[in-house]
Amino acid sequence: MNSTQAGQRAASAAAEAVQQATGRLIGILNDSSIALLVVVGHQTGLFETLSALPAASCRLIADASGLNERYVREWLGGMTSAGFVDYQPESGTYLLRPEFVPVVSGAGTENLARTLQYVPLMGEVAPKIVQAFRTGGGTSYEDYPRFHHIMASESAAVNDASLLEAILPLTDCLEALRSGISVADIGCGEGHALNLLGSTFPASTFTGYDFSAEALATAAAEASGLGLSNVRFELQDVSRLDISEAFDLVTAFDAIHDQAHPAQVLKNIHAALKPGGTFLMVDINASSRLEENLDLPWAAFLYTISTFHCMAVSLGQGGDGLGTVWGKERATDMLREAGFRTLEVKELEEDPFNAYFIARA
């Protein structure tokens, strides 16, 4: 092969690589656009309507959903082009394909339409994130008006399905909970997990800590509706939690990695536990090493949500910016540095997204 042929082949390979990169970007453009339509379908109840209907006209779907027909028709066009919906032009009917029913509708953990709500949420703060790239700093929780609700709805699906049957047994505290112990939940958000525990174990007492008054109001309202006298919620910056040997069990569900000062929070948790007490920390199931996350199906999402939320809110409070993908290795080190004497890390088939850290004081 002469130099001219070699140059032509290299140019051809480069052009093909650019074409592939272009295709990749077009795919991302389409998929991110459809993500927004999926969120609309989730929040308007369109997926629930479609999952209950046979093949139906746009007018029937709109009427059944109580929505504007013109918007529904355009939305159905997007869902059809994305392969979610089958369209029959002869009859003018639409049908949600059966394999999509469990992943876009229902209250189960399979419904990923809930998770896609983070996409428009991140879009809302994009200008502030771009500015933070230039000037440093970060965002505040007030910049994410729906974050607590979205996270609570996701956590509720996991907890309703698995908390009592699969997650809690990891702590070996079931008998103690039945007999009566003191429990705290750090970063409790809207408090559904704690209310579920409180209603299941009436002999035990439960305290939820969070610094979102709005989330705690929702938590308290649910507790009141359930008639729970053994559950209470307190407005508290957990980095300043100053309690000594008060709890037999402390839990934290996906709450540690976005703390401003996570190492201090872990030390405070250790101090708040009675000797021999148990800390159950549920957090992201990923590695602290980038190269070990490349095959993780949701790795790109984790690094993106970290950039747009978890790392950003920590830095916005003058914090450490630990980030979503702090990883099991760093989490383990930090738990040991906080003073926990024994530590196990477990995984559950029911929740591959998270790792379960069981630490003893």
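**Figure 1. E245 sits in the loop between β6 (231-235) and β7 (247-253).** Strands here are DSSP runs of E with at least two residues, helices are runs of H or I with at least four, and both are numbered from the N terminus. This is a predicted model, in which local features need pLDDT of at least 70, side-chain atom pairs count only at pLDDT 80 or more, and totals for chains, interfaces and linings use all residues. Residues are numbered from 1 along each chain as its sequence is written, and side-chain values use heavy atoms, with hydrogens and water left out. Phi of E245 is near 45°, a positive value in a residue other than glycine. Is E245 buried or partly exposed? E245 is partly exposed, with a relative accessible area of 48%. The cut-offs are under 20% for buried, over 50% for exposed, and partly exposed in between (1.4 Å probe, protein chains only).

**Figure 2. D172 lies in the loop between α7 (147-167) and α8 (174-179).** D172 is not a glycine, yet its phi is positive, near 60°. The relative accessible area of D172 is 66%, so D172 is exposed.

**Figure 3. Seven strands build an open sheet with mixed pairing.** The order is β6-β5-β4-β7-β8-β10-β9. Two strands pair if DSSP finds at least two bridges between them. Which strands stand at the edges? They are β6 and β9. Each has a single partner strand, so one side of each is left without a neighbour in the sheet. On average, neighbouring strands of this sheet are turned by 20° against each other, direction ignored. In a regular strand, side chains alternate between the two faces of the sheet.

Figure 4. F206 stands opposite V231 in β6. E344 stands opposite I358 in β10. How many residues lie between β9 and β10 in their hairpin? There are 2.

**Figure 5. N230 is held in the loop between α10 (213-225) and β6.** N230 is buried, with a relative accessible area of 12%. A polar atom of its side chain lies 3.1 Å from the backbone oxygen of G198. A polar atom of the N230 side chain also lies 2.9 Å from the backbone oxygen of S204. N230 touches G198, F201, P202, S204, T205 and F206, not counting residues up to four places away in sequence. Touching, or contact, means heavy atoms within 4.5 Å.

**Figure 6. H309 belongs to helix α12 (residues 299-316).** H309 counts as buried, at 1% relative accessibility. Which residues does H309 touch, not counting those up to four places away in sequence? They are Y141, Y144, F147 and D258.

**Figure 7. Helices α7 and α9 (residues 192-200) cross at roughly 30°.** Their axes come within 10 Å. That makes α7 roughly parallel to α9. Angles under 35 degrees count as roughly parallel, over 145 as roughly antiparallel, 65 to 115 as roughly perpendicular, and the rest as oblique. Axes are lines fitted to C-alpha atoms, for helices over the stretch in contact, with angles from 0 to 180 degrees between N-to-C directions. The contact is made by A156, N159, D160, L163 and L164 of α7 and by H192, A193, L196, L197 and T200 of α9.

**Figure 8. Helix α13 (residues 327-337) has buried residues, among them G327 and A331.** T332, M334 and L335 of α13 are buried too. The buried residues of α13 pack against α11 (262-272), β8 (273-284), β9 and β10. Just after α13, G339 takes a positive phi of about 115°. Helix α11 itself lies across β4 (182-186), β7 and β8, and runs at about 145° to β8.

**Figure 9. Three strands form an open, antiparallel sheet in the order β1-β3-β2.** The edge strands are β1 (56-57) and β2 (85-88), and each pairs on one side only. β2 and strand β3 (residues 93-96) pair over 4 bridges. The bridge partner of Y87 in β3 is Y94.

Terms used: Polar contact = N/O pair within 3.5 Å; in protein donor to acceptor, adjacent residues only side chain to side chain.
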